[in-house]
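This briefing covers a helix pair and some backbone torsions. The entry is shown below.

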Amino acid sequence: MLAGLGLSAVEEDVYQHLVDRSEPTTAALDAALGHPAEAIAEALGGLARHGLVTTTPDEPGRHIVGPPTVTLGSLLAARRDELRQAELAITELAERHRAAASRDTGGLIEIVTGLQTISRRFLQVLESADHEICGFTKTPSIAVGPRDNPAESVVAGRGLRMRTVIEQSYLADPDSTVDIDQSLGRGQEIAIVAELPVSMVIADSAIALVPLLADPQEIPRAVLISSSGLLSPLVTLFEKTWADAYPLRPRAADEEPTPYTDGDLGPARLSPLDAKILDLLLAGLTDRTVANKIGVSLRTVTRRIRHLMDLADADNRIQLGWRAAQRGWI
């Protein structure tokens, strides 16, 4: 029980016996505990060095235990301080190890450990961009979540192009529609795919930060890559995924979805509501999920999809997507 404070098994036996019996003698301890006399004498010496046991000049063979909350508390505080010092030493050693590994690879790869360090490197990658930032946003986020992402504030006013592919599962977040509309309104380009292999951010095709998938209980890690040979496959992966992903369209600030009455088929030109339904439908969401995200009934969504199919002269939803592309709806 007290081994974590540095006490041996014999020291703990002796100490607990002393706590239960006021001021016992060495002879009483020898008789009660069954340990060799030498082991008990050594344990008493160790307890005395820890400040847990004292004797009196008048009766050197009688041992006195102070209040455990005071004596053990002091020992616990000292052990905590030692652990803090050890933690600092580990951090320093990890940084030295990282620096050495970086030198060994010519500075082209760096293993980044810990949330704060990853977030700092992430911001540095963004700030290094001169013309474009692109990346994948996978859910759940490993280090930097969608709302923690400082990218837009970093690129604001710098004329940088920003392209992001997000996982379809991100749309399950109740606030995702508002976040996406705001990002699109600020000029960010966003597309959706069913699933992404990794999260990553790439600046100017010159440097990338890729968080590593890990158990939630493990310390987060990421790889910072500045080698063109290693970056090339990541850039190719992004461009292929971007080409195959479904792009989302910005909506004007004054375009608000409006409810429809049961008999209203709406105009031939797509209304904001129909455009939003079509976007989410073609992104792969179910009718019920679409209804929940835009705040209308499932019946309304089903009816508007039927109306869109009629407008596009489509026999099924797959054909609707093709006709929508032909008509410039997407």
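In this predicted model, Asp313 lies in the loop between α11 (298-312) and α12 (317-326). Its phi is positive, about 55 degrees, although Asp313 is not a glycine.

**Positive phi**
- Most residues other than glycine have a negative phi.
- Asp313 is exposed, with a relative accessible area of 56%.
- Asp204, in the loop between β7 (200-203) and β8 (207-211), is not a glycine and also has a positive phi of about 55 degrees.
- Asp204 is buried, at a relative accessible area of 16%.
- Gly295, which follows α10, has a positive phi near 75 degrees.

**Packing of α9 and α10**
- The axes of α9 (residues 272-282) and α10 (residues 287-294) come within 10 Å and cross at roughly 135 degrees.
- The two helices are therefore oblique to each other, and their crossing is right-handed.
- On the α9 side, Leu273, Lys276, Ile277, Leu280 and Leu281 make the contact, and they meet Asp287, Val290, Lys293 and Ile294 of α10.
- By class, this contact has six nonpolar, three charged and no polar residues.

**Faces of α10**
- The buried residues of α10 are Asp287, Val290, Ala291, Lys293 and Ile294.
- Viewed down the axis of α10, these buried residues fall within an arc of 165 degrees, so they line one face of the helix.
- The face turned away from the buried side of α10 carries Arg288 and Asn292, which are exposed.

Terms used: Residues numbered from 1 in each chain as written. Predicted model: local features only at pLDDT ≥ 70, side-chain atom pairs only at ≥ 80, totals over all residues. Heavy atoms only, no water. Axes fitted to C-alpha atoms, helices over the stretch in contact; angles between N-to-C directions. Helix = DSSP H or I, 4+ residues; strand = E, 2+ residues; numbered from the N terminus. Parallel < 35°, antiparallel > 145°, perpendicular 65-115°, else oblique. Left-handed = near helix turned anticlockwise from the far one by under 90°. Contact = heavy atoms within 4.5 Å. Nonpolar A, V, L, I, M, F, W, Y, C, P; charged D, E, K, R; others polar. Buried < 20%, exposed > 50% of the residue type's maximum accessible area, 1.4 Å probe, protein only. Arc of directions from axis to C-beta.
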